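User: I am new to this structure and would like to go through it by question and answer. Please begin with any term I will need.

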2 protein chains.
Amino acid sequence: MARSTGRMRKDSERGSDAGAAERRKQILTEAGKLFAARGFEGASMREIAAATGLLSGSLYYHFASKEELFVAVYDANIRMVSEAVRKAIEGVEGAWARLEAAAIAHCETLLTGDRTAVLDVKFPPSLLGVRPRLIQSRDEHDRLFDSLIEPLDLPEDVNRNLFRLHVLGALNSAVIWYRPSSHLSPADVARQVIGVLRYVRKGNTPAT
Amino acid sequence: MARSTGRMRKDSERGSDAGAAERRKQILTEAGKLFAARGFEGASMREIAAATGLLSGSLYYHFASKEELFVAVYDANIRMVSEAVRKAIEGVEGAWARLEAAAIAHCETLLTGDRTAVLDVKFPPSLLGVRPRLIQSRDEHDRLFDSLIEPLDLPEDVNRNLFRLHVLGALNSAVIWYRPSSHLSPADVARQVIGVLRYVRKGNTPAT
DNA sequence: GCGCCAGTCTAACAAACGATAGGTTGATGG
DNA sequence: CCATCAACCTATCGTTTGTTAGACTGGCGC
């Protein structure tokens with residue numbers, strides 16, 4: 001009744017109405033926030049719709065189901081982080097410098113704005129049907145980090161696979177405790193994590 | 001009708017019936033599994049009750065609400081990990097050896113059995129009322145690790161607070177990807193994480 | 001053997017959930 | 001000016017949610 005209806009194309013993008021793909025992005029953004037804050041089961045379609053300025057039923061015009069919406073959110077978020085990382089390492093020389101640049105981009109994309117990403121989700125059984133697709137998305141990003149870790153001059157006894165999990169685990173854990181109010185920037189967090197790991201090289205010896 | 005009713009005290013602890021505090025522990029165990037697998041909102045009281053061999057209403061004899069049950073689970077889990085860590089470092093000499101022993105105990109308690117703990121939870125707003133109590137539980141365990149990190153001979157530019165978050169972040173992230181089927185033991189994971197960080201000492205210099 | 005009480009079940013409540021079917025709107029292309 | 005169609009709303013379905021009130025059961029003290 002008081003809400004806006006129909007659509008509006010060429011001009012006047014202001015206001016609560018938007019184009020077709022525009023709305024999709026809005027929904028993805030708002031759903032991303034809510035999924036990150038409350039988890040898959042915790043966030044309701046009604047909440048997501050309300051956050052976008054819609055009613056619950058209207059979501060099903062853009063996404064077939066809640067599962068499908070989650071997959072789209074997850075995929076978009078991973079793609080966003082991956083792209084930021086790729087851009088950040090462009091032209092950077094030196095294996096450690098490249099890993100640090102990647103970590104900074106990774107952290108910044110995860111922690112800035114209100115688009116807190118959903119990377120570290122332990123997928124609930126309700127998402128079992130789409131689990132393979134979610135894991136595939138994450139895998140692509142993992143392979144990107146693998147390619148950055150491979151050229152490091154790590155000691156022989158260091159398992160590079162576990163090393164990647166170590167790095168990403170430490171970085172991703174920041175989404176739990178990080179508050180923008182702190183005097184720390186997301187880049188600071190990433191720099192400390194990588195800065196500490198820089199000590200792990202062939203020339204050095206571990207403490208006993 | 002076919003179910004067991006009433007109680008049973010002194011003898012014959014076998015079967016599905018149990019004493020007062022016994023039941024409480026059963027509920028905590030099963031609820032712990034389900035909360036860990038599905039999150040706070042994802043696990044229903046009926047599921048938890050069924051897993052314990054009860055009906056949903058009966059849970060409210062032992063716990064006042066779902067929130068209260070979660071607090072009890074979370075608290076019990078943290079206390080369990082903390083106690084395991086305290087026992088593991090008993091009599092161990094050397095700052096790094098103590099931290100490694102702690103990390104192993106931490107990982108083993110988190111990853112073994114079916115009692116996957118709920119440590120890295122980003123608390124949903126539904127738990128806002130009890131959030132302070134949850135954070136306090138976690139803080140106690142954090143202080144324990146602080147006391148282990150303090151005596152390390154870390155370089156001056158290493159922030160010990162971020163270092164603790166780094167260590168626990170890397171260790172806790174294992175609950176996401178770790179599968180017991182792997183040839184890796186929980187202790188292996190902990191050893192690799194600490195083994196890598198052992199390179200961070202005053203004598204060494206970071207890679208450029 | 002009788003009453004008590006811990007512990008569990010039964011049955012139901014209102015609220016919220018994901019999802020669907022069909023109506024309504026307004027810009028657009030002819 | 002009319003037909004079309006994307007985009008949204010309305011209303012509702014059946015299910016599941018957390019929670020409660022009250023009935024029941026069986027062992028224990030007296």
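Analyst: One term comes first: a helix axis here is a line fitted to C-alpha atoms over the stretch in contact, and angles run from 0 to 180 degrees between N-to-C directions. The model is a predicted one.

User: How are α1(B) and α4(B) oriented to each other?

Analyst: The axes of these two helices come within 10 Å and cross at roughly 100°. Angles of 65 to 115 degrees count as roughly perpendicular. α1(B) and α4(B) are therefore roughly perpendicular.

User: How many nonpolar residues does the contact of α1(B) with α4(B) have?

Analyst: From α1(B) come B:Leu28, B:Ala31, B:Gly32, B:Phe35 and B:Phe40, and from α4(B) come B:Leu69, B:Phe70, B:Ala72, B:Val73, B:Ala76 and B:Asn77. By class, this contact has no charged residues and two polar ones, and its nonpolar residues number nine.

User: Is B:Thr29 buried, exposed or partly exposed?

Analyst: B:Thr29 lies in helix α1 of chain B. Its C-alpha is 9.3 Å from that of B:Ala76, a residue 47 positions away in sequence. A buried residue needs 20 or more other C-beta atoms within 10 Å, and an exposed one has 12 or fewer. B:Thr29 has 17, so the class is partly exposed.

User: What class does B:Ser65 fall in?

Analyst: B:Ser65 sits in the loop between α3 (56-62) and α4 (66-88) of chain B. Because B:Ser65 has 13 C-beta neighbours inside 10 Å, the class is partly exposed.

User: How many helices does chain A have?

Analyst: From the N terminus on, the elements run α-α-α-α-α-α-α-α-α. The chain has zero strands, and the number of helices is nine.

User: What share of the residues in chain A is buried?

Analyst: Among contacts between residues at least 6 apart in the sequence of chain A, 64% join residues at least 24 apart. Of the 208 residues in chain A, the buried share is 35%.

User: How much of residues 21-81 of chain A is helix?

Analyst: An unreviewed UniProt entry places the feature "domain: HTH tetR-type" at residues 21-81 of chain A. The end C-alpha atoms of this stretch are 21 Å apart.

User: How far apart are the end C-alpha atoms of residues 44-63 of chain A?

Analyst: The unreviewed UniProt entry gives residues 44-63 of chain A as "DNA-binding region". This stretch is 60% helix and 0% strand, and its end C-alpha atoms are separated by 14 Å.

User: What kind of axis relates chain B to chain A?

Analyst: Chain B can be laid on chain A with an RMSD of 0.1 Å by a turn of 180° and a shift of 0.0 Å along the axis. That is why the relation is that of a two-fold axis. In chain B, the C-alpha nearest this axis, at 2.3 Å, is that of B:Ala170.

User: Which helix gives the most to the side of chain B that touches chain A?

Analyst: The contact takes 37 residues from chain B and 38 residues from chain A. On the chain B side, α1 (20-42), α7 (160-172), α8 (174-177) and α9 (186-197) each supply at least two residues. By class, that side has 20 nonpolar, eleven polar and six charged residues. With seven residues, the helix that gives the most is α7(B).

How values were computed:
Residues are numbered from 1 along each chain as its sequence is written. Chains are lettered from A and ligands numbered from 1 in the order in which they are written. This is a predicted model: local features need pLDDT of at least 70, side-chain atom pairs count only at pLDDT 80 or more; totals for chains, interfaces and linings use all residues. Copies are superposed by least squares on the C-alpha atoms of residues with pLDDT of at least 70 in both. Two residues are in contact if their C-beta atoms, placed from the backbone, lie within 7 Å. Helices (H or I, at least four residues) and strands (E, at least two) are DSSP runs, numbered from the N terminus. Ala, Val, Leu, Ile, Met, Phe, Trp, Tyr, Cys and Pro count as nonpolar, Asp, Glu, Lys and Arg as charged, and the others, Gly among them, as polar. UniProt positions are given in the numbering used here, feature names are shortened, and annotations may be inferred rather than shown by experiment. Angles under 35 degrees count as roughly parallel, over 145 as roughly antiparallel, 65 to 115 as roughly perpendicular and the rest as oblique.
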